[in-house]
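Subject: Structure for your review

Dear colleague,

Please find below the sequence and structure that I am handing over to you. My notes on what was found follow directly after them.

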Number of protein chains: 2
Amino acid sequence: MAGRTKFILDESDMPTAWYNIVPDLPAPPPPPLHPGTGEPIGPEDLAPLFPQALIEQEVSTERYIPIPEEVQEVYRLWRPSPLFRAHRLEKALGTPARIYYKYEGVSPVGSHKPNTAVPQAYYNAREGVSLLTTETGAGQWGSALAFACAQFGLECEVWQVRASYDQKPYRKMMMETFGATVHPSPSDLTEAGKAILAAHPDSTGSLGIAISEAVEKAAANPEARYALGSVLNHVLLHQTIIGEEALRQFEMAGDTPDVIVGCAGGGSNLGGLVFPFLREKLAGKIAPEIRAVEPEACPSLTRGKYAYDFGDTAGLTPLLKMHTLGHDFIPDPIHAGGLRYHGMSPLLSHIVELGLVDAVAIGQNECFAAGVRFARAEGIIPSPEPTHALAECVREALRCKETGEEKVILTALCGHAHLDLPAYASYLAGGMVDRELTDAELSAALETIPAR
Amino acid sequence: MAGRTKFILDESDMPTAWYNIVPDLPAPPPPPLHPGTGEPIGPEDLAPLFPQALIEQEVSTERYIPIPEEVQEVYRLWRPSPLFRAHRLEKALGTPARIYYKYEGVSPVGSHKPNTAVPQAYYNAREGVSLLTTETGAGQWGSALAFACAQFGLECEVWQVRASYDQKPYRKMMMETFGATVHPSPSDLTEAGKAILAAHPDSTGSLGIAISEAVEKAAANPEARYALGSVLNHVLLHQTIIGEEALRQFEMAGDTPDVIVGCAGGGSNLGGLVFPFLREKLAGKIAPEIRAVEPEACPSLTRGKYAYDFGDTAGLTPLLKMHTLGHDFIPDPIHAGGLRYHGMSPLLSHIVELGLVDAVAIGQNECFAAGVRFARAEGIIPSPEPTHALAECVREALRCKETGEEKVILTALCGHAHLDLPAYASYLAGGMVDRELTDAELSAALETIPAR
């Protein structure tokens, strides 16, 4: 017998606080700036978009923030999530490495996104908000927010990037089953959308455009607020329950990761898994290498600029110091819709700059090859986003096969592909395009970053 | 706090034997008959279709059959599966009843089907078979067998009922991702399919037709065997791991079910959950009512005849004593593809005749209403098949609300609807048809049952 397959915490052992890495960092992250004054923004600048509780979490310097009991109750529908040892993948690869994956696809919508959607809906409902607006790429975030709004009696309105809306119609059906309203983006329902459509009538959209639309609608309605599925500090904070659980599960396994790999689009999946491990690393207790994987088509960490830029395409958000490709950069419509974002979490960007996390970019054909390999060995078909991390795991495991090293690899399997199966159909039919961003495209994109 | 949400067994507590109810029944089930001679069939009649190990299980009178270690290893990718207490649904219904659901959607393909697909693939591979053929309705069974074949290096060829093939294209993509080949049924690849297409060029297919096609192809190829996803004794045997786990989980919960409700198409989901509970009931230890729920469009238990009939449309199988609507009955293309079967497991039929299980038929609009209600409360969107059981749970819970009874209700939530979302879209758009089978249609269908 190959040994234990799953490490499962009892629900009574579910973490009861989120971890805020900010006070443990050697330097604080640069603040968001007001685009007009160039000064750091204050809570009042965010009040039209977010409830007070989330604004406080966004700027908090407390190390631990308690998870409200009402949120824990909903989390228990699927949490704690399992940590798997990938015995069958190891065998298929013939590697001496030990591969673990923390699997978030057990959530109602099949990804890690409800970890933050649920508290966001909870705090908004508690402060009397009646409608949340948001953007979504592949639809994981939109369906998570739709589910969370159903739990707390909120209405939910979602702008979904047109490329994904057309490629993956099932996500819209899921959002509607939970009671949400879904629009393709760019839409003619907002000024931001209309402007894009006027310039590019066939636009396949981008997360940046969809954010502009959702922000515009929320700001115009005093009963409404906006919810973001990644990038911001409070979002990464909520996702740290992943890493807190994984730390306890590695104790159960009696093992310690040498390499931790996660895909990074806005950064919440990677941040959520690794921040608790980084706490232990900064305290000198463990020493894992930590690696972000992004698509070659949207390489903000590996080829972007670390600079102040807008979070959205229309320039409605504060300026955020982050790795960015320029706020009106529109990536090719690759299947990993959740990784098609021009920027990166400012907190994660800062941590990359501190040298605590490194990054690599991989093309989608290699990623889907790893996804199919994983599916046939482990049974779970990974969503396109974490196939990026799996591709890097496979590379690492095969390096170990050559060197004989018995490295312990941990990856964030942040979702399954049940609603992304057309991406696999395209890959299996040989129809998937791999196109690296050219230097000329990159230079042109970077020029749109505002000068400061 | 509302109390525990999930009851999870450690993987070291996973049952290591399947339970065979046959020796515990007050009378043995009637044997399958050879259609030519009218005599009970022998193992040699089944050998062209099934490996020896499964034929032995089909006729076994042992109470417990050990689960091979190689099968347990694959089971551990998702088993033991969780038992949930539906606190949020209870609250939404305002019922004093306590509702539990045993959730099989955690499997790689999202249903209970891999519980039997894995051992079937294992025994076939052990006996040197290289290709398995099968039929599938909604696609749950086909994808389960595709996954299982990938685990043991077998090829897999699936005939999918045309209605589901067209309505739910994602299932085909999943089967192909696991490496299987998929054909819509009726197809022009078999004599059985060609005959149907000649008579009904627009046929939407049925499980009975698809079985004929898969059986015909397996019988013609000595390297191939056929795999059935429900109906037969060995299939129900493998599914009893569900009920064995649930019994242990009710011990953890310190509770006992008063009513157990499951949907029944071929009968393996219901049989798998309830046979271990029936063992305890027959031993006088517990006394739950057990209820099968079927669609009004395909009411084999509630309106069919208990008689010897063919398992498939073309009449290639042995004659099985079961509740049947006639072997060439083609039900309306309702969304619960897994419940569109003209017959019923002979073992379950026998148990119904013994008075140990009763049955009810419900129309699909009421079922989907229950499915949406469940999804918005519990997060999981149930596949169309178990919405039938949920509709009956909702009826029971609302009866309890009237009477004040604190009944304990257990239901088999045998799968999620990620790949059946178009069914929900159709329901939400108000476009779902509820059509009860007329008496004239029923009489005509029953006339095709062979006289004996």
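How many salt bridges does the rule count over all chains? The count comes to 64 salt bridges over all chains. Please bear in mind throughout that this is a predicted model.

One of these pairs joins Arg303(A) and Asp439(A), whose side chains meet with 2.9 Å from N to O. The pair links distant parts of the chain, the two residues being 136 residues apart. Arg303(A) belongs to helix α13 (residues 300-303) of chain A, and Asp439(A) belongs to helix α18 (residues 439-446) of chain A.

The annotated domain

For chain A, the UniProt record, an unreviewed entry, places the feature "domain: Tryptophan synthase beta chain-like PALP" at residues 77-415. In the model, 45% of this span is helix and 19% is strand. The C-alpha atoms at the ends of residues 77-415 of chain A are 16 Å apart.

The sheet in chain A

Chain A contains an open sheet of 4 strands in the order β8-β7-β6-β9, and the pairing is parallel. Its edge strands are β8 (181-185) and β9 (224-226) of chain A, each of which pairs on one side only. From one strand to the next, the twist averages 20 degrees. Strand β6 (residues 131-136) of chain A pairs with strand β7 (residues 155-161) of chain A over 6 bridges, in the parallel sense. Within this sheet, Thr133(A) has Glu157(A) in β7(A) as its bridge partner.

Helix α8 (residues 169-177) of chain A lies across β6, β7 and β8 of chain A and runs at about 175 degrees to β7(A). Helix α10 (residues 207-219) of chain A lies across β6, β7, β8 and β9 of chain A, at about 170 degrees to β6(A).

The sheet in chain B

In chain B, an open sheet of 4 strands with parallel pairing has the order β8-β7-β6-β9. Here β8 (181-185) and β9 (224-226) of chain B stand at the edges with a single partner strand each, so one side of each has no neighbour in the sheet. Strand β6 (residues 131-136) of chain B pairs with β9(B) in the parallel sense over 3 bridges. In that strand, β9(B), Ala224(B) is the bridge partner of Leu131(B). Helix α10 (residues 207-219) of chain B lies across β6, β7, β8 and β9 of chain B, running at about 170 degrees to β6(B).

How the two chains are arranged

Where the chains meet, 48 residues of chain B are in contact with 48 residues of chain A. Between them the two chains bury about 4,100 Å², with 57% of it on carbon and sulfur atoms. Arg88(B), Tyr170(B) and Thr177(B) supply 17% of the area that chain B buries against chain A, more than any other three residues. Of the interface residues of chain B, 100% are also interface residues in chain A, so the copies meet through the same surface.

The rule finds 6 salt bridges across the interface of chain B and chain A. Glu11(B) forms a salt bridge with Lys6(A), and their closest N and O atoms are 3.2 Å apart.

With kind regards

Conventions
Residues are numbered from 1 along each chain as its sequence is written. Chains are lettered from A and ligands numbered from 1 in the order in which they are written. This is a predicted model: local features need pLDDT of at least 70, side-chain atom pairs count only at pLDDT 80 or more; totals for chains, interfaces and linings use all residues. Side-chain values use heavy atoms; hydrogens and water are left out. UniProt positions are given in the numbering used here, feature names are shortened, and annotations may be inferred rather than shown by experiment. Two strands pair if DSSP finds at least two bridges between them. Axes are lines fitted to C-alpha atoms, for helices over the stretch in contact, and angles run from 0 to 180 degrees between N-to-C directions. Contact means heavy atoms within 4.5 Å. Buried area is the accessible area (1.4 Å probe) that two parts lose on being put together, summed over both. A salt bridge is a side-chain nitrogen of Lys or Arg within 4 Å of a carboxyl oxygen of Asp or Glu.
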